[in-house]
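Let's walk through this one together, a stop at a time. Have the sequence and the model open side by side.

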Amino acid sequence: MNKTFSIIGTGFILPKHIEAIQKIGGEIIDVVNEKSVYSWQEMIAKTKADCLVILAPNHLHYGMIQEAIRYKKIVLCEKPLTLNFKEAESLIGIPDIFTVMQLRFHPVLEEIKKDLEQYQKHIIEIEIFAHRDEDYYKTWKGNNNQSGGILFNLGIHYFDLAFYLFGEPEAYSVKIEKREAQGTFRGGNYFCSWKINTDIKKNEQHRIFRINNKNYDFSSKENLHQLVYADLIRGRGILPEESSRSIFWVEKLNE
């Protein structure tokens, strides 16, 4: 593909995408949001860019992807690809539809895979404690119909990692409130307990991904989106076949 991109959405994640595109020597043709002179539908129809980058609110992703397919565009969509499995499943087998799951590109994964060879059974602990104020909950992210709730907003990256490393669960438990959730996954060779909490103070924020009593740090000074784009221009990435797995389970947990 040529390194030309059009972007829908101008939220907080946009600077990381701009930086990543610049790092790979790409060119941004268009950027639109809800206040733009022309709509995202018009942009998709008219843009000369090869790739459409979707950074819009979660509930809009599927419609934008469908329009991009109509105009034969490559798609790079921020997580989640869709808000339900049926929509994600309908995209399986369609080429050039990719999801941003940047933690899959973190160097610590190689360390994890090597460490796992020492064990036959695995204990996984996931904690995502992130401060979110009232202003956050007044945006689309605080609207479950638009965001899918805190599991889609915060949990899906780490659930994706767990399923990527250990496979899908055979059993689960879950308890969800508006601002916090907790539960378990049990697979053939693992047990995972997880907690997500957005109702905490800033100085209490932390993210834990612990396996067999060892903590793995997924924070990064490097812009991992650059690795996503580097993969993309080689024609690779996380296809709907893979990203639909975590969507299936988050939808199931939200039932």
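This is a predicted model: local features need pLDDT of at least 70, side-chain atom pairs count only at pLDDT 80 or more; totals for chains, interfaces and linings use all residues.

Residues are numbered from 1 along each chain as its sequence is written, and side-chain values use heavy atoms, with hydrogens and water left out.

Arg-104 and Glu-242 meet through their side chains at 2.9 Å, N to O. The two sit 138 residues apart, with Arg-104 in the loop between E5 and helix H5 (108-116) and Glu-242 in helix H10. Helices (H or I, at least four residues) and strands (E, at least two) are DSSP runs, numbered from the N terminus. Arg-104 has a relative accessible area of 12%, so it counts as buried, while Glu-242, at 28%, is partly exposed. The cut-offs: buried means under 20% relative accessible area, exposed over 50%, and partly exposed in between, using a 1.4 Å probe and protein chains only.

The salt bridge count comes to eight. Another one pairs Glu-111 with Lys-214 at 2.8 Å, N to O. This pair also links distant parts of the chain, since Glu-111 is in helix H5 and Lys-214 is in strand E11 (residues 214-215), 103 residues apart. Glu-111 is partly exposed at 36%, and Lys-214 is partly exposed at 33%. Then there's Arg-236 with Asp-231, whose closest N and O atoms are 3.0 Å apart. Here Arg-236 is partly exposed at 44%, whereas Asp-231 is buried at 12%.

Now stay with H10, the helix that holds Glu-242. It covers residues 240-254, 15 residues in total, and reaches 20 Å from its first C-alpha to its last. That is close to the 21 Å expected at 1.5 Å a residue, the expected span being 1.5 Å times one less than the number of residues. Its buried residues include Trp-249, Ile-247, Val-250 and Leu-253. What do the buried residues of H10 pack against? The list is helix H4 (85-90), E5, helix H8 (150-166), and strands E7 (171-176), E8 (180-186) and E9 (190-197), with contact meaning heavy atoms within 4.5 Å.

E5 leads us to the sheet. Five strands make an open sheet in the order E2-E1-E3-E4-E5, with parallel pairing; two strands pair if DSSP finds at least two bridges between them. At the edges are E2 (27-32) and E5 (97-100), each pairing on one side only. Strand E1 (residues 4-8) runs parallel to E2 and is joined to it by five bridges. Ser-6, for instance, has Asp-30 in E2 as its bridge partner.

Finally, a few backbone details. A cis peptide bond joins Lys-79 and Pro-80, with omega about -10 degrees, and Pro-80 lies in the loop between strand E4 (74-78) and H4. Asp-96 is not a glycine, yet its phi is positive, about 65 degrees; look for Asp-96 in the loop between H4 and E5. Asn-213 also has a positive phi, near 70 degrees. Asn-213 is exposed, with a relative accessible area of 71%.

Terms used: A salt bridge is a side-chain nitrogen of Lys or Arg within 4 Å of a carboxyl oxygen of Asp or Glu.
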